[in-house]
Amino acid sequence: MKRVQNKVALVTGGAAGIGESIARLLANEGAVVFVTDILDKSGESLAKSIGEKACYYHLDVTQENEWKDIINLIKRQVGKLDILVNNAGIIGLTSDFGPQDPEHVSLESWHRIHAVNLDGVFLGCKYAIPLMKEGGGAIVNISSRSGIVGVPGAAAYASSKAAVRNHTKTVALYCANQGYNIRCNSILPATILTPLWNPMLGSTPEARQKMIEKIEQDIPLKKMGEPMDVAYAALYLASDESKYVTGTELIVDGGILAGSTAAPRSQSK
Ligand code: NAP
């Protein structure tokens, strides 16, 4: 028996990076996967490469009407939704977003980032609950370690990811209080090598490699993570193996949040 056999899943931001790995893994483990994104070409070719277990639809998570449409389409086509992975997210470190520190970030840019990272998760939960509540379901929200610590150079990203952690718990408790069999949990990844990192790694292969090595020095496990590392966490939270788990946070960060800088250290050796 596969781990999510015959379940129906919707993955946002599923055309690249972590979302792509989640879509592939859920399909491999028996789910029918609705892959969604704004990158239509990549999404369509991903769904094609997965095969009959996957299909692709355009979904900009900031657009309420598009959420209504995709949920209605799933209802019409398969009649249920077992798994929602709210994965789509942006960090806003490309030049078109402008500075991201709390003193200089523009209100427009702040809103743009929150619209994708937070409003997208809010809308996903809001529209999935009515379809999930009859048969039960699992919502997995992708937050970040940046939702726990402050990030001076990515203020809107950090704020939005902190809000995702909290909203996850609210949704979990609301669904429990209502007697819906819907669980809602978040994953807090860090330093997973995906296209999201491109603006932070430099433009030449040499600069990129150098920067990756620099980042890896600060990670307890001494390497950046792979999208599949997060996908396995999502699979667990999406499957019935986690049937007693709701409102929790699963950190996938190579050990970064286990410690702190300026930790006490003996000088004697
Ligand atoms: P990624 O490689 O950039 O993939 C994210 C996907 O979401 C892209 O295809 C992106 O399209 C899409 N997207 C952007 N805006 C969207 C919208 N409005 N509606 C629907 N899809 C949209 O990023 P990733 O690293 O896989 O990140 C996935 C999630 O993990 C994000 O929520 C991110 O914040 C979180 N996360 C990642 C890391 C990490 O180290 N990689 C760490 C912590 C948390 P575009 O390419 O056009 O933007």
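User: By class, how many nonpolar, polar and charged residues does the shell around the ligand have?

Analyst: The model is predicted, and what follows should be read accordingly. By class, the shell comprises 17 nonpolar, eight polar and three charged residues.

User: How many residues surround the ligand, and which are the closest?

Analyst: The ligand is surrounded by 28 residues. Ile18, Asn87, Tyr157, Ile192 and Thr194 are the closest of these.

User: Which parts of aspartate 60 and valine 61 lie at the listed distances from a nitrogen atom of the ligand?

Analyst: For aspartate 60 the side chain is involved: one of its N or O atoms is 2.9 Å from a ligand nitrogen. For valine 61 the backbone is involved, with an N or O atom 3.0 Å from a nitrogen atom of the ligand. As for burial, the ligand taken alone exposes 880 Å², and the protein buries 89% of that.

User: Turning to helix packing, at what angle do α1 and α2 pack, and how far apart are their axes?

Analyst: Helix α2 covers residues 40–50, and α1 packs with it at about 25°, the axes being 11 Å apart. Angles under 35 degrees count as roughly parallel, and α1 and α2 are therefore roughly parallel to each other. Their crossing is right-handed.

User: Where α1 meets α8, at what angle do the axes cross?

Analyst: The axes of α1 and helix α8 (residues 227–238) cross at roughly 50° and come within 8 Å. That angle makes α1 oblique to α8. In passing α8, α1 makes a right-handed crossing.

User: How do I read the pair α3 and α4, and within what distance do their axes come?

Analyst: One reads the distance between the axes, then the angle, then the handedness. Helix α3 (residues 64–77) and helix α4 (residues 107–132) have axes that come within 10 Å and cross at roughly 30°. The two helices are therefore roughly parallel to each other. The crossing in which α3 passes α4 is right-handed.

Notes: Residues are numbered from 1 along each chain as its sequence is written. This is a predicted model: local features need pLDDT of at least 70, side-chain atom pairs count only at pLDDT 80 or more; totals for chains, interfaces and linings use all residues. Side-chain values use heavy atoms; hydrogens and water are left out. A residue is near a molecule or strand if one of its heavy atoms lies within 4 Å of it. A polar contact is a pair of N or O atoms within 3.5 Å; within protein, one must be able to donate a hydrogen and the other to accept it, and residues adjacent in sequence count only if both atoms are side-chain atoms. Accessible areas come from the Shrake-Rupley method with a 1.4 Å probe; for residues, only the protein chains shown count as cover. Ala, Val, Leu, Ile, Met, Phe, Trp, Tyr, Cys and Pro count as nonpolar, Asp, Glu, Lys and Arg as charged, and the others, Gly among them, as polar. Axes are lines fitted to C-alpha atoms, for helices over the stretch in contact, and angles run from 0 to 180 degrees between N-to-C directions. Helices (H or I, at least four residues) and strands (E, at least two) are DSSP runs, numbered from the N terminus. Angles under 35 degrees count as roughly parallel, over 145 as roughly antiparallel, 65 to 115 as roughly perpendicular and the rest as oblique. A crossing is left-handed if the near helix is turned anticlockwise from the far one by less than a right angle, and right-handed if clockwise.
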